[in-house]
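Biologist: Could you take me through how pockets and charged pairs are read in a model of this kind?

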Amino acid sequence: MTVKAMLNKAVLEGEIESNPFLNVKQLPVDNIREKTLSFKEFNRLVTACPEYLKPIVTMAFFLPMRRNEILTLTWD
């Protein structure tokens, strides 16, 4: 939830008189992936990776996780 939305809710509930962010425009969100790897491209990538990177690359390909989430995983 954005700050603007929280302040709108506070106005509706009578907690504040007005939303100071009322006229602030939100930035557009650009979460569109431009390209995803095909299975053929993925196999070529994994084959070219050093052994220690293969589990990381496989996780990144198959699971919807952010880079930092993958890199901070531990075996425990």
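Biologist: Which residues line the largest pocket?

Modeller: Rolling a probe the size of a water molecule over the atoms shows where empty space is left. In this predicted model, the largest pocket is lined by Y52, P55, I56, M59, I70, L71, L73, T74 and W75. The elements giving two or more residues to that lining are α3 (54–62) and α4 (67–71), and α3 gives the most, with three residues. A pocket here is an open set of points on a 1 Å grid over the protein atoms alone, where a 1.4 Å probe fits, with protein on both sides within 12 Å along at least five of seven lines, and lining residues have an atom within 4 Å of a point.

Biologist: How many residues of that lining are nonpolar, polar and charged?

Modeller: The lining of the largest pocket divides into eight nonpolar, one polar and no charged.

Biologist: How many salt bridges does a search of the whole structure find?

Modeller: Side chains of opposite charge can pair when their charged atoms come close. The search finds three salt bridges, each a side-chain nitrogen of Lys or Arg within 4 Å of a carboxyl oxygen of Asp or Glu. E13 pairs with K9, the closest N and O atoms being 3.6 Å apart, while E51 pairs with K54 at 3.5 Å and E69 with R66 at 3.9 Å.

Biologist: What should I keep in mind about the numbering and the confidence limits?

Modeller: Residues are numbered from 1 along each chain as its sequence is written, and side-chain values use heavy atoms, leaving out hydrogens and water. Local features need pLDDT of at least 70 and side-chain atom pairs count only at pLDDT 80 or more, whereas totals for chains, interfaces and linings use all residues.

How values were computed: Helices (H or I, at least four residues) and strands (E, at least two) are DSSP runs, numbered from the N terminus. Ala, Val, Leu, Ile, Met, Phe, Trp, Tyr, Cys and Pro count as nonpolar, Asp, Glu, Lys and Arg as charged, and the others, Gly among them, as polar.
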